[in-house]
Amino acid sequence: MNAWLFMVGISLVSQVVEIPEPESILRTLRNEHPRLIAPNGQEASVKQVMEQFPEAKEIYRQIRREAEGLLTARPIEYRLEGPRLLSQSRRCLDRVYTLATIYRLDGDERFAQRARDEMLVAAGFQDWNPSHFLDTAEMTHALAIGYDWLFSYLSEQDRTTIRQAILEKGLRPGEKVYRSGGWWSKTQYNWNQVCNGGMTLGALAIAEDEPEFAAWIVHQACRSVQVAMREFAPDGAYAEGPGYWNYATHYTVYMLAGLQTALGSDFGLSGFPGFNRTGDFRIHSIGPTRLAFNFADGSESVGSAPQMFWLARQFNYPQYAWHERTIIQRKGPLHLWWFNPAGKGLEDEPLSRHFRRIDVVMMRTSWEDPEAWYVGFKGGDNRVNHSHLELGSFVFDALGVRWATDLGPDNYNLPDYFGGKRWTYYRLGTAGQNTLWINGQNQDPQAVAPISRFESTGDCCLAEADLTPAYRKLADKVRRMVQLWNHGELMITDTIEGSQGAEIIWQMHTRASVEIKGSQAILSLGEKRLMAEISGVENARFETLPCNPPPPERQNTGITKLAIRITGSNGPITLQVRFRPLAPK
């Protein structure tokens, strides 16, 4: 182990935040409602912001339109999809935030009444599906916000009903997990932040009525969440990918903001190393096409991240706020409550980053040019939660479109999706990735592939991953190098030794139409065109391969798998694929 990794390991083990004991943790509890996230009195400042900034006013108009539409929407219902109630919990959460926001800003009781009705339906459910605790945590969050933000509107009977539901269907199941050392209370992945965040908000919402129990829940959650907070060190990256970064940091910030507004302190939890720079990971993981480098179980859609406004203000990084305002089209209630007009651009942000702990590289030729070239390149650990067998995979933007596409996740309700059948599904196994596929076999699910070289100069960025552990039974040595030149050119170089005649398939999934001319392939998307050209291996030719698995797996409609097949080679192989732009048709 090198010295840097050793020091990181030591720091992660030693980082502990001391949390006040339950007897004193609520000593500074704000004695009024609302007190969670957007406390009483913030309405006036939001109205002032709307008067000063037209963009904030437009966010309000969008929320108002959505709230109007919800007035006649059918309430949520107790309906499981596979093992999950999660879609109903999230629908309730979104509705409560939207309706309660408009009520607080306008005073129109129609919106408070509709939010009340939604919460009473949820409170009447038989349970909040604690066997899949994300469902419970998000429903607890929903009713906590509604109870807190609409406290003055709700009748005593309403408050009692909703408070008892938070207690019995949210916090009591959470208590069982904390007391038994249940898995999500000890994991470093997104379940930790989401579940602890939901429990914290639920406890703080009803703290004056259940002070001892609420204090104990907050204490437990603040201790547990530290396991996940350590994962942001040293540079803010998140191993589960940009999609789950968004989910996890949403709830981390909900929790921290709730603690700060209700108790006046997050007890130092926001000070964990790397968390102050976690917005860097989001910024770099979104290409000039406004699509994400969606490794693991993530979608290309970047989603909205109002926590970027909060992070910008908390840590004085105005570029986070600028990025969120500029990149994201659909904005929600917390974009308004946390609206941040700071920042003017990303001119001081480096064009390329190696996120060291998770061994992922993102590189681009410009922040300002919408037709800039961009590559996301994946090293790291196949063992990470939600990972695919995708070491060495890449996505690629140029000329305003995405050329190399990550297919993303499949349906979580497929049989044994998170179990023994996981690597049999096309989108999750190596066949469905933009990497090497050797002898038709998956990469080793236990493999860790470091970024062994990273260089960024004025003219070129270079990153190399040692993929040998991923193919350890199939070749003696496998390396992939990615080079991106600032003038707009990309080269992928694969070096393979000791493959003993194995069939090696280089593969890239693309939405482009493909015209093959031997060692050249012309890729076209609308009027945009690229040339891909092979060198280094005599007689190597492009071909296209099927990429639609059998139903019920998702079909990859509109996707072509561009491939190079090498067979029978016993000597070292150096395969290069160069991409360069062509004039429009």
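Trainee: How do β11 and β12 pair, and over how many bridges?
Mentor: This is a predicted model, so keep that in mind. Strand β11, residues 477-485, pairs with β12 in the antiparallel sense. Nine bridges link the two strands.

Trainee: Which residue stands opposite Met491?
Mentor: Gln483 does. Met491 sits in β12.

Trainee: What about the hairpin of β11 and β12: how many residues lie between the strands?
Mentor: Three. Gly488 in that hairpin takes a positive phi near 100 degrees.

Trainee: Which strand is joined to β12 by seven bridges?
Mentor: That is β19, residues 573-582. β12 and β19 run antiparallel. Thr495 stands opposite Thr574 in β19.

Trainee: Why is β12 described as largely enclosed?
Mentor: Count the buried residues. Strand β12 covers residues 489-497, and seven of the nine are buried, so the rest of the structure largely encloses it.

Trainee: New topic, positive phi. What is usual?
Mentor: Most residues other than glycine have a negative phi. Gln500 is not a glycine, yet its phi is positive, about 55 degrees.

Trainee: Where is Gln500, and is it buried or exposed?
Mentor: Gln500 is in the loop between β12 and β13 (504-510). Its relative accessibility is 69%, so Gln500 counts as exposed.

Trainee: And Ala296, what is its phi?
Mentor: Positive, about 65 degrees, and Ala296 is not a glycine either. Ala296 lies in the loop between α12 and α13 (307-315). At 1% relative accessibility, Ala296 counts as buried.

Trainee: Which residues does a cis peptide bond join?
Mentor: Pro234 is in the loop between α10 (211-229) and α11. A cis bond also joins Pro551 and Pro552, where omega is about 10 degrees. Pro552 is in the loop between β17 and β18.

Trainee: β17 and β18, then. How many bridges join them?
Mentor: Four, and the strands run antiparallel. β18 covers residues 560-566. Leu545 has Lys561 in β18 as its bridge partner.

Trainee: What order do the strands take in the open sheet of four?
Mentor: β7-β13-β18-β17, with antiparallel pairing. The edge strands are β7 (436-438) and β17 (542-545), each pairing on one side only. On average, neighbouring strands here are turned by 35 degrees against each other, direction ignored.

Trainee: And the order in the open sheet of five strands?
Mentor: β1-β2-β3-β5-β6, antiparallel as well. Its edges are β1 (352-355) and β6 (401-404).

Trainee: How many bridges join β1 to β2?
Mentor: Four. β2 is residues 360-364. His354 stands opposite Val361 in β2.

Trainee: Which helix lies across β1, β2 and β3?
Mentor: Helix α12, residues 278-285. α12 runs at about 125 degrees to β1.

Trainee: On to helices. At what angle do the axes of α3 and α4 cross?
Mentor: Roughly 115 degrees, and the axes come within 5 Å. α3 is residues 42-52, and α4 is 54-70. The crossing is left-handed.

Trainee: Which residues of α3 and α4 meet?
Mentor: Val49, Met50 and Gln52 in α3 meet Pro54, Ala56, Lys57 and Tyr60 in α4. Five of these contact residues are nonpolar, one is polar and one is charged.

Trainee: What do the buried residues of α6 pack against?
Mentor: α4, α5 (86-106), α7 (133-149) and α8 (156-180). Among the buried residues of α6 are Phe111, Arg114, Glu118 and Met119. Helix α6, residues 109-123, reaches 21 Å from first C-alpha to last, close to the 21 Å expected.

Trainee: Last one: how many residues of α7 are buried?
Mentor: 17 of its 17, so α7 is mostly covered. The end C-alpha atoms of α7 are 24 Å apart, which agrees with the 24 Å that 17 residues should span at 1.5 Å a residue.

Definitions and conventions:
Residues are numbered from 1 along each chain as its sequence is written. This is a predicted model: local features need pLDDT of at least 70, side-chain atom pairs count only at pLDDT 80 or more; totals for chains, interfaces and linings use all residues. Side-chain values use heavy atoms; hydrogens and water are left out. Axes are lines fitted to C-alpha atoms, for helices over the stretch in contact, and angles run from 0 to 180 degrees between N-to-C directions. A crossing is left-handed if the near helix is turned anticlockwise from the far one by less than a right angle, and right-handed if clockwise. Contact means heavy atoms within 4.5 Å. Ala, Val, Leu, Ile, Met, Phe, Trp, Tyr, Cys and Pro count as nonpolar, Asp, Glu, Lys and Arg as charged, and the others, Gly among them, as polar. Two strands pair if DSSP finds at least two bridges between them. The expected span of a helix is 1.5 Å times one less than its number of residues. Buried means under 20% relative accessible area, exposed over 50%, partly exposed in between (1.4 Å probe, protein chains only).
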